[in-house]
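Biologist: Please show me the model, and let us then go through it by question and answer.

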Amino acid sequence: MEPRPPEPRPHRVAVTGTNGLIGGALAAALRAEGRDVVRLVRRPPAAPDEARWDPTGKDPELTATAVRGCDAVVHMAGAGVADHRWTERYKRELRDSRVLGTAALATAIAAQHEPPRVFLSGSAIGFYGDTGDRAVDEDAPPGEGFLAELAREWEEAAGPAVRAGVRTAFIRTGLVVARSGGAWGRLFPVFRAGIGGRLGNGRQFWSAISLHDHLAALRFLMDASDLSGPVNFTGPRPATNREVTRVMARALRRPAVLPVPAPVLRLVLGEFAQDVLSSQRVLPARLLAAGFTFAHPTVEDAVRAALADDTRTDDRTDA
C-alpha cells in the first residue's frame, strides 16, 4: 500500500497574543508565507484580520465563532511572569490568564463541526522546577513551586481539545533571546550600559532559544511534524548564568563586573527571585528527534542573531 500523502500545511491560522513578542512575530512570519492569519483579540475587532474571543470562558460562542474555519490555532497569550511583583493577586492573574484562556480555546476547538487539525498551546519550562545540574527532557516529571504548578494546570486546561482528537502540542518555552521584547530584551540595555553582571552565584543554568528558532520550531510543529504532547522550545546547549554574562559582555563589548547578590534579588523581586536563581537545564529532545535543525544552537549564536535583527517588537502580551 502506498504511503498516505502528507496533509497540506494549515493555511488559515488563529493566533492569540499578537501584541506580544512571539505571537506578533509569528503572525508576521505566517503572513509573509502567504497564510491567512486571524488575530484573536479581547476588545472589539479594529481590523479585518481580527476576531474577538473571550479568554475568561464566559462567552464560549464568541470564541467558537472566532476560531471557526481555522486549520490551526496557536495560543501565546498570557500575563507577563516578570511584569510585576508576585503578590497573591498577581499570581491569580498569571494563572487565570493562562488556565482560563487555554480552557476557553480548547472548549471552542472541541465544539467545532470541523475542528482545526492542530492546536499549539503555550507552556513553559517552569514545568520542571529547579533541575540543578541535571539535564532534563520531555520525559521528566513536573517539579515544585508556583511556576511548575501553573504550567501543569496550564497544560491540563487543553484537555477538551485533546479529548476531541485534535493534535495538541504544549510549547514549553525557555528564555527567548530577542533584542526587543520579552525578558531577554530587558538585559540588552543593562549590559549595553556596562552595568550587567551575574545573578547570584551564576552557576544556575539558563535554557534559551533564539526568536528565529522559536518561530521556525512553531512552523515545523504546525507543518512538518506529527508531534503532540510536551515539546521543549530551548536551544540544545543550555548555559550557566555566568556563561551568559560573559557572552553578553563579549557581544556588546562592555564590562560585566557588577554581580547582583541573591539577597538583593530577593529584596527587589520577592518570590520571583527564587525562580531567577533556580537552575533549569532543559533539552529539546523531541524537536531534535523529529529532525528539527537549530540555526542558533548556542546562547552566543542566539545573542548575536538578536543583535543582527533590526525587528522591533512590542512587549505586551495580548490585544
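Biologist: Is strand S1 (residues 12–16) largely enclosed or open, and how many of the residues are buried?

Modeller: This is a predicted model, in which local features need pLDDT of at least 70 and side-chain atom pairs count only at pLDDT 80 or more, while totals for chains, interfaces and linings use all residues. Residues are numbered from 1 along each chain as its sequence is written, and side-chain values use heavy atoms, with hydrogens and water left out. Buried means under 20% relative accessible area, exposed over 50% and partly exposed in between, with a 1.4 Å probe and protein chains only. S1 is largely enclosed by the rest of the structure, because the buried residues number four of the five.

Biologist: Which residue of strand S2 is the bridge partner of Val 13?

Modeller: Strands (E, at least two residues) and helices (H or I, at least four) are DSSP runs, numbered from the N terminus, and two strands pair if DSSP finds at least two bridges between them. S1 and S2 (residues 36–41) run parallel and are joined by five bridges. Within this pairing, the partner of Val 13 is Val 37.

Biologist: Which residue of strand S4 is the bridge partner of Val 15?

Modeller: S1 also pairs with S4 (residues 72–75), in the parallel sense and over three bridges. There, the partner of Val 15 is Val 74.

Biologist: Within what arc do the buried residues of helix H13 fall?

Modeller: The buried residues of H13 (residues 299–308) are Val 299, Ala 302, Val 303 and Ala 306. The arc is taken from the directions from the helix axis to the C-beta atoms. Seen down that axis, these residues line one face of the helix, because they fall within an arc of 100 degrees.

Biologist: What span does helix H9 reach from its first C-alpha to its last?

Modeller: H9 has 12 residues. The expected span of a helix is 1.5 Å times one less than its number of residues. For H9 the expected value is 16 Å, and the helix comes close to it, reaching 16 Å.
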